[in-house]
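The topics follow the sequence and structure shown here.

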Amino acid sequence: METITISKNEYLDLINLYHIITEKIERIKQFDIIDIPTKNINTFKYCGAISMEENALTIQKQMRTDWE
């Protein structure tokens, strides 16, 4: 293990930076505590097939002739 020598000013700057970072981390942690209520939506009811009274092919032909 090596020993590194730094000046007193650099050391104090590092300590100050450490305190700033820990304060910001604590602020970020507070956001995780707050629960935002979410709405539970059943999206599965929109999945799947739809029921139509007419044949899909006849509906498609009607839509194409409406443009003419």
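Helices are DSSP runs of H or I of at least four residues, numbered from the N terminus. The model is predicted. By that assignment the protein chain has 2 helices and 0 strands. One of these helices is H1, which covers residues 8-33.

**Salt bridge**
- The structure holds 1 salt bridge.
- Glu-26 pairs with Lys-29 in a salt bridge, and their closest N and O atoms lie 3.9 Å apart.
- This distance meets the criterion because a side-chain nitrogen of Lys or Arg has to be within 4 Å of a carboxyl oxygen of Asp or Glu.
- Side chains of opposite charge can pair when their charged atoms come close.
- Glu-26 and Lys-29 are 3 residues apart in helix H1, so about one helical turn separates them.
- Glu-26 is partly exposed, at 44% relative accessibility, and Lys-29 is also partly exposed, with a relative accessible area of 45%.

**Nonpolar surface patch**
- Ile-4, Ile-6, Tyr-11, Leu-12, Leu-14, Ile-15, Leu-17, Ile-21 and Ile-25 make a nonpolar surface patch of about 850 Å².
- Ile-25, one of the patch residues, lies in helix H1.
- The relative accessible area of Ile-25 is 40%, so Ile-25 counts as partly exposed.
- Patch residues need over 30% relative accessible area, and Ile-25 has 40%.

**Whole chain**
- Of the 68 residues in the protein chain, 0% are buried.
- The protein chain has an accessible surface of about 7,800 Å².
- Carbon and sulfur atoms account for 58% of that accessible surface.

Terms used
Residues numbered from 1 in each chain as written. Predicted model: local features only at pLDDT ≥ 70, side-chain atom pairs only at ≥ 80, totals over all residues. Heavy atoms only, no water. Patch = residues over 30% accessible without salt bridge, like charges linked within 9 Å, V, L, I, M, F, W, Y side chains within 5 Å. Areas by Shrake-Rupley, 256 points an atom, 1.4 Å probe, with all protein chains shown as cover. Buried < 20%, exposed > 50% of the residue type's maximum accessible area, 1.4 Å probe, protein only.
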